[in-house]
Amino acid sequence: MLLRFIQNKTRCGNWNSHSHKAAPTVALLTMLLAQPIFLSRNFPTLNNNHRNSRTSLQLHNPPEVRVSPQRTPIIASSGCFGCFVKPLDVRTKKATLGAFLKKKKGGVHICHSLKEESEVGGNSNNPRDWTTSILLFLLWAALMYYVFFLTPNQTPSRDTYFLKKLLNLKGDDGFRMNEVLVSLWYLMGLWPLVYSMLLLPTGRSSKNIIPVWPFLILSCFGGAYALFPYFVLWKPPAPPVEETQLKTWPLNFLESKVTATISLAAGVAIITYAGLAGQDVWKEFYQYFRESKFIHIMSIDFIILSTFAPFWVYNDMTARKRSDKGSWLLPLSLIPFLGPGLYLLLRPSLSTVAISQTPVEPE
């Protein structure tokens with residue numbers, strides 16, 4: 001519209017006495033308006049591609065800006081109230097390759113150009129949000145205080161006797177152990193194996209700053225009370241893992257379907273043994289829970305491990321790219337021991353899933 005107005009004015013000679021001074025300005029405006037100016041995707045531009053003298057107003061997407069080493073291009077950021085022109089950093093060319101799939105020997109890896117992205121975005125070393133860690137630490141501290149000072153301890157001698165019987169340090173003296181207590185004891189022996197299969201390798205802390213294996217070993221004796229400090233210090237994502245590592249100990253054992261099958265079958269047998277116990281046996285166990293420090297602490301340990309297991313199932317499911325197809329397993333993981341055990345049996349092998357996030361040089 002403005003171009004036609006200028007052309008009509010020029011053709012009809014309706015300019016004032018100073019029109020000869022404005023001639024260069026008119027020519028410049030005519031030349032600029034005749035060409036499309038790409039300021040933003042959100043604004044219409046003039047197109048002069050038709051053969052006739054008409055100019056059509058239409059939406060036009062600007063072409064991709066190419067980075068040249070000789071000159072620095074300029075782009076305009078779109079906004080509601082204006083456009084601001086700024087230079088495009090040459091390093092943006094590397095940042096466009098920030099996430100891509102690359103096949104390499106030993107498996108498929110998802111690679112991220114972390115270095116280039118941090119250069120474009122500026123200082124990417126954002127401070128860690130410690131809110132969750134602080135809350136977990138406070139929960140662990142309160143739990144430890146309860147365990148040491150508030151749990152019932154009415155039968156210490158009987159606790160020692162029960163412990164010797166469960167460890168087979170005392171021979172057959174005719175006393176029949178409570179079936180629910182025996183089942184709980186053996187389930188607590190299987191939980192460290194389940195957590196090892198969930199935390200190695202997908203539950204490791206970022207850059208291996210905090211190794212997980214000492215906490216897993218201590219959990220064989222301390223249960224959830226020994227794993228809690230790792231939950232506090234854990235920082236995702238997990239470091240990369242190569243396919244060759246999956247063939248070495250202990251990953252080959254923990255990733256084995258045979259291991260998952262045996263642990264799940266053992267868990268089913270133990271829980272069935274406890275479920276078939278009579279009502280009197282469960283009442284007796286509840287009485288033990290109210291009086292015995294040993295049984296009280298072990299029961300709370302089982303509850304904590306069952307509570308945190310669904311989170312680590314979800315973490316492992318996400319790392320193996322099964323959060324969509326295997327989402328039906330997540331509600332089942334709420335079932336104590338049996339849910340996580342079923343997931344470990346049905347989850348895909350790491351040899352067929354890309355979980356690496358190794359920074360590589362873009363090609």
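In this predicted model, Asp 316 lies in helix 13, which spans residues 293–319. Asp 316 has a relative accessibility of 0% and therefore counts as buried, the cut-off being under 20%. Its side chain makes a polar contact of 2.6 Å with the side chain of Tyr 343.

| Residue | Residues in contact |
|---|---|
| Ile 304 | Leu 143, Tyr 195, Ala 224, Tyr 225, Phe 228 |

Ile 304 is one of the residues with the most contacts inside the largest nonpolar core, a set of 60 residues. Trp 191, Tyr 195, Leu 227, Phe 231, Phe 308 and Trp 312 are also in that group. Helix 7, residues 179–199, gives the most to this core, contributing 13 residues. Tyr 195, listed with Ile 304 among those core residues, is also in contact with Ile 304.

At the level of the whole chain, there are 15 helices and six strands. Of the 363 residues, 34% are buried. Among contacts with a separation of 6 or more, 68% are between residues 24 or more positions apart. The accessible surface of the chain is about 22,900 Å², and carbon and sulfur atoms account for 63% of that surface.

Conventions: Residues are numbered from 1 along each chain as its sequence is written. This is a predicted model: local features need pLDDT of at least 70, side-chain atom pairs count only at pLDDT 80 or more; totals for chains, interfaces and linings use all residues. Side-chain values use heavy atoms; hydrogens and water are left out. A nonpolar core is a set of buried Ala, Val, Leu, Ile, Met, Phe, Trp, Tyr and Cys residues joined through side-chain atoms within 4.5 Å. Buried means under 20% relative accessible area, exposed over 50%, partly exposed in between (1.4 Å probe, protein chains only). Helices (H or I, at least four residues) and strands (E, at least two) are DSSP runs, numbered from the N terminus. Contact means heavy atoms within 4.5 Å. A polar contact is a pair of N or O atoms within 3.5 Å; within protein, one must be able to donate a hydrogen and the other to accept it, and residues adjacent in sequence count only if both atoms are side-chain atoms. Accessible areas come from the Shrake-Rupley method with a 1.4 Å probe; for residues, only the protein chains shown count as cover. Lists of a residue's contacts leave out its neighbours within four places in sequence.
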